[in-house]
Amino acid sequence: MSIPSRRPGFLILLVLALSFLTGPLADPALAQSKYASIVIDTGNGEVLYRANADDPKYPASLTKMMTLYLTFEALEKKRIKLGQTLTVSRKAASQPPTKLGLRAGQRIKVEHAILALVTKSANDASMVLAEGIGGSESRFATMMTRKARRLGMSRTTFRNPHGLPDARQVSTARDLATLASALIRDYPKYYPYFSRASFTYRGVEHPNHNRLMGAYQGMDGLKTGYIRASGFNLAASAVRQGRRLIAVVMGGDTPAWRDAHLAELLDQGFATPRTPPPLVASLRAPATPDRKPDIAGGDVKVASLEEIVESSDLATLAATLSPPLGAAGSAVAAETAVWGVQVGAFSDAGAGRKALDTVSRRLPSLLAQAYPQMIQVTTGNGRLFRARLMGLDETTARNVCASLERAGDDCIMVAPQGL
């Protein structure tokens, strides 16, 4: 049988196969190699939808989310200030559009550069921040990739701070969702910058490229991106009835299709019933009950310092055992009402426990009232254990992180309800 005679049958089968696809997957644009997407619920880390979420793609200007993450980190560590001015180098001034049109030798405030990235996605301002924080583009790119690894973005490599074409600069929809979540979680003080509708610089108003933000109910940020090799990208977050979702769409043919598709994904996400977040077991051993609990099916096993308790087991424990008393609170649920610090996220629980023990020995006075806590989460690459020391007040948590960061170690403050 000749090839021409086979083609009609093949096309019929293809149409029939496509007819079984519903929702976002039904669009033929999803077949393109540039496409990827993911939707996550930040409340419990649940992935509500994904397509090609772990395939390497070009992030384009979604790259600037990491540039801003490192900028916010530098602000928190007081390496730079919002009102501080940075000098525009020749390299920064020579970056291709989109740009503010900065001139070599000119100075720009850090806050203005931040707003230029958020709204106009200015490449020249991005380079100014990179050189001002990292000393050079290459050093800043190394900092970006290192931070990506620490955040769990295992399939991301950065080579520049703006996302202009570089074949070696790749990421995934899942990694970029992780980054968006980290921006919201780690820097709530600065996240509102992403909701700015426009930015006026030297008399010129620059509207936010994320046009969906003003049209989609509950959306409050993040970032658009485009280069020819990537297609139209968008990472966005929205909150409805206290539930925050993050969606990433990469590889759209047009901005309109990308925006409509992301809105559809968010709609489907909000319509999906929420899975309750898993309860978290403190590594502090529960107090021994006065009497053996009466539970059908046998004895209750009490979590030790060496165990990660599954949510079903923990629910039984919480209902039957007397919780430990202390300055930080008396129940597992109450522990979310205190501050803490996270000293790392580890693929191995033993490594997390070792890190907690090391930090506790280094800062005995600051951490005298702290108790260790390990939170198990599931990522695309397997299990991850977040090692935290809880039971602190805000000032102590801030001092602990400041001490660890001065020594070159990672530390993230965990605010109340930040579990």
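Here are some friendly notes on this predicted model, point by point.

1. **Overall make-up.** Let me start with the chain as a whole. The protein chain holds 11 helices and 13 strands. Of its 419 residues, 47% count as buried. If you look at contacts between residues at least 6 apart in sequence, 64% of them join residues at least 24 apart.

2. **The sheet.** The element I would look at next is an open sheet of 5 strands, ordered E2-E1-E9-E8-E7, with antiparallel pairing. Strand E2 (47-51) and E7 stand at the edges with a single partner strand each, so one side of each has no neighbour in the sheet. On average, neighbouring strands of this sheet are turned by 5° against each other, direction ignored.

3. **Strand E9 and its partners.** How many of the residues of strand E9 are buried? The count is 10 of 10 for this strand (residues 243-252), so E9 is largely enclosed by the rest of the structure. On one pairing, strand E1 (residues 36-41) runs antiparallel to E9 and is joined to it by 6 bridges.

4. H7 (residues 173-186) has 14 residues and spans 20 Å from its first C-alpha to its last, close to the 20 Å expected at 1.5 Å a residue. H7 is mostly covered, with 12 of its 14 residues buried. The buried residues include Leu 176, Leu 179, Leu 183 and Ile 184, and charged side chains are on the list too, among them Arg 174, Asp 175 and Asp 186.

5. **A crossing of two helices.** Two packed helices are described by the angle between their axes and the distance between the axes. For helix H2 (residues 64-76) and helix H6 (residues 137-150), the axes come within 10 Å and cross at roughly 90°. An angle from 65 to 115 degrees counts as roughly perpendicular, and H2 and H6 are therefore roughly perpendicular to each other. On the H2 side, the contact is made by Met 66, Thr 67, Tyr 69, Leu 70 and Glu 73. H6 contributes Phe 140, Met 143, Met 144, Lys 147 and Ala 148. By type, the residues of this contact divide into 7 nonpolar, 1 polar and 2 charged.

6. **Backbone details worth a look.** Most residues other than glycine have a negative phi, and most peptide bonds are trans. Which residues are joined by a cis peptide bond? They are Pro 97 and Thr 98, with omega at about 5°. Thr 98 sits in the loop between helix H3 (90-93) and strand E4 (107-109). Next comes Arg 202, a residue other than glycine with a positive phi, near 55°. Arg 202 is in the loop between strand E5 (198-201) and E6, and is exposed, with a relative accessible area of 56%.

7. **The E8-E9 turn.** Gln 241 is not a glycine, yet has a positive phi of about 50°. This residue belongs to the hairpin of E8 and E9, which has 2 residues between the strands. Is Gln 241 buried or exposed? Its relative accessibility is 86%, so Gln 241 counts as exposed.

8. **One more loop.** Ala 215 is placed in the loop between strand E6 (204-207) and strand E7 (219-227). With 65% relative accessibility, Ala 215 counts as exposed. Ala 215 and Asp 259 are 44 residues apart in sequence, while their C-alpha atoms are 9.9 Å apart in space.

How values were computed: Residues are numbered from 1 along each chain as its sequence is written. This is a predicted model: local features need pLDDT of at least 70, side-chain atom pairs count only at pLDDT 80 or more; totals for chains, interfaces and linings use all residues. Side-chain values use heavy atoms; hydrogens and water are left out. Axes are lines fitted to C-alpha atoms, for helices over the stretch in contact, and angles run from 0 to 180 degrees between N-to-C directions. Helices (H or I, at least four residues) and strands (E, at least two) are DSSP runs, numbered from the N terminus. Angles under 35 degrees count as roughly parallel, over 145 as roughly antiparallel, 65 to 115 as roughly perpendicular and the rest as oblique. Contact means heavy atoms within 4.5 Å. The expected span of a helix is 1.5 Å times one less than its number of residues. Buried means under 20% relative accessible area, exposed over 50%, partly exposed in between (1.4 Å probe, protein chains only). Two strands pair if DSSP finds at least two bridges between them.
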